[in-house]
Amino acid sequence: MKLNHALLMCENITAMEDFFIRIIGFENGPRPPFPFAGSWLYSDGQPLIHLVGKTPFSSQEPSQEQSQQAYLRTVEKDTEAKANGIIDHLAFQGGCYRTLIRRLDEQQATYFERTIPLSNEHQVFVIGPEQIKLEILFNQDRSSLN
């Protein structure tokens with residue numbers, strides 16, 4: 001089994017989209033024609049992150065909000081109660097460690113690193129909008145896991 005994608009319900013889709021594109025290096029890509037606003041973000045040609053709004057966009061029509069709630073089977077109170085949910089972070093296999101760190105430093109992103117003893121894994125944790133935490137994994141020597 002492997003991760004197909006994660007749907008993130010955001011207060012500010014624009015800020016979250018900017019974080020994944022500018023800081024993490026994903027690309028905006030095609031999105032199915034859902035009857036509500038959102039964004040699909042890709043890496044290596046694969047859609048990994050689906051962004052939708054927690055609350056209606058100012059430009060989102062009431063019918064779009066109803067369509068989103070019906071499609072996602074949520075109601076405002078339910079969504080708000082699960083705002084932080086049980087997910088601590090999302091983890092991705094890294095490509096080029098040096099490229100990632102250079103981009104994080106250039107963008108003044110908040111991140112920290114650690115190496116897991118005995119596992120041959122080096123972690124880079126990046127903190128983004130709405131306190132989302134991403135883990136980018138590399139080999140202990142900071143090479144790609146692939």
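Guide: C10 is buried, at a relative accessible area of 1%, where buried means under 20%, exposed over 50% and partly exposed in between, with a 1.4 Å probe and protein chains only. This is a predicted model, in which local features need pLDDT of at least 70 and side-chain atom pairs count only at pLDDT 80 or more, while totals for chains, interfaces and linings use all residues. Residues are numbered from 1 along each chain as its sequence is written, and side-chain values use heavy atoms, leaving out hydrogens and water.

Visitor: And C96, what is its relative accessible area?

Guide: C96 has 43%, which makes it partly exposed.

Visitor: Switching topic, which residues touch the most other members of the largest nonpolar core?

Guide: They are F20, I49, V124 and L134, out of 27 residues; such a core is a set of buried Ala, Val, Leu, Ile, Met, Phe, Trp, Tyr and Cys residues joined through side-chain atoms within 4.5 Å.

Visitor: How is F20 paired with F19?

Guide: The two rings are edge-to-face, 5.3 Å centre to centre with 75° between the planes; rings of Phe, Tyr and Trp (its six-membered ring) pair if their centres lie within 6.5 Å, and planes under 30 degrees apart count as stacked, over 60 as edge-to-face and the rest as tilted. F20 is buried at 0% relative accessibility, and F19 is buried at 5%.

Visitor: What about F112 and F125?

Guide: That pair is stacked, at 4.9 Å and 15°. F112 is partly exposed at 35%, whereas F125 is buried at 2%.
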